[in-house]
Amino acid sequence: AGPPITPVFKVMQAQGADFGVITGDASGTIYYDQNFFWRTSLKLVMATLIHEFSHVNGSGDDQDQANLDLTVGAPTVNISLTVATDCFGVRG
C-alpha cells in the first residue's frame, strides 16, 4: 500500500494543492505533490514558491491576501497569480 501519507499531504490532497507548508514549522520545508501540479510555466512555479515562502516566514493566506489588496478568504490561488503578474509579467 505504500508509506503513510503525512498530515500535510492529506491537507494538500483535500485542497488539490501542489505546494504546501506546515505553518510555523521551523524547518522551512515546502512540500510538493505532483498529483496536483497545475503550473504551466516556470514563472508560475516561481510565484507559487514565493507564496509558500511567505508561509515559511510566518504569514498566513489571509494576511497575504490583505497585503496584496485581494479578497480575503477567496481561493488562495489568487495570491500566486497576483505574484506571477506583478513580479513576472504573467498575463491571462
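Setting aside neighbours within four places in sequence, Asn78 is in contact (heavy atoms within 4.5 Å) with Gln65, Leu70 and Thr71. This is a predicted model: local features need pLDDT of at least 70, side-chain atom pairs count only at pLDDT 80 or more, and totals for chains, interfaces and linings use all residues. Residues are numbered from 1 along each chain as its sequence is written, and side-chain values use heavy atoms, with hydrogens and water left out.

**Helix α4**

- Asn78 sits in helix α4; helices are DSSP runs of H or I with at least four residues, strands are E runs of at least two, and both are numbered from the N terminus.
- Asn78 counts as buried because its relative accessibility is 16%, where buried means under 20% relative accessible area with a 1.4 Å probe, protein chains only.
- The buried residues of α4 are Asn78, Ile79, Ser80, Thr82, Val83 and Ala84.
- Their cover includes α2 and α3 (61–67).

**Largest pocket**

- The largest pocket holds about 470 Å³ of space.
- A pocket is an open set of points on a 1 Å grid over the protein atoms alone, where a 1.4 Å probe fits, with protein on both sides within 12 Å along at least five of seven lines; lining residues have an atom within 4 Å of a point.
- Of its 22 lining residues, Gln15, Ala17, Phe19, Glu52 and Thr76 are the closest to the pocket centre.
- Two or more lining residues come from each of α1 (7–15), β1 (19–21), α2 (42–56) and α4 (77–88).

Conventions. Grid points are joined across faces, edges and corners, and a volume is the space filled by probe spheres set on the points. Buried means under 20% relative accessible area, exposed over 50%, partly exposed in between (1.4 Å probe, protein chains only).
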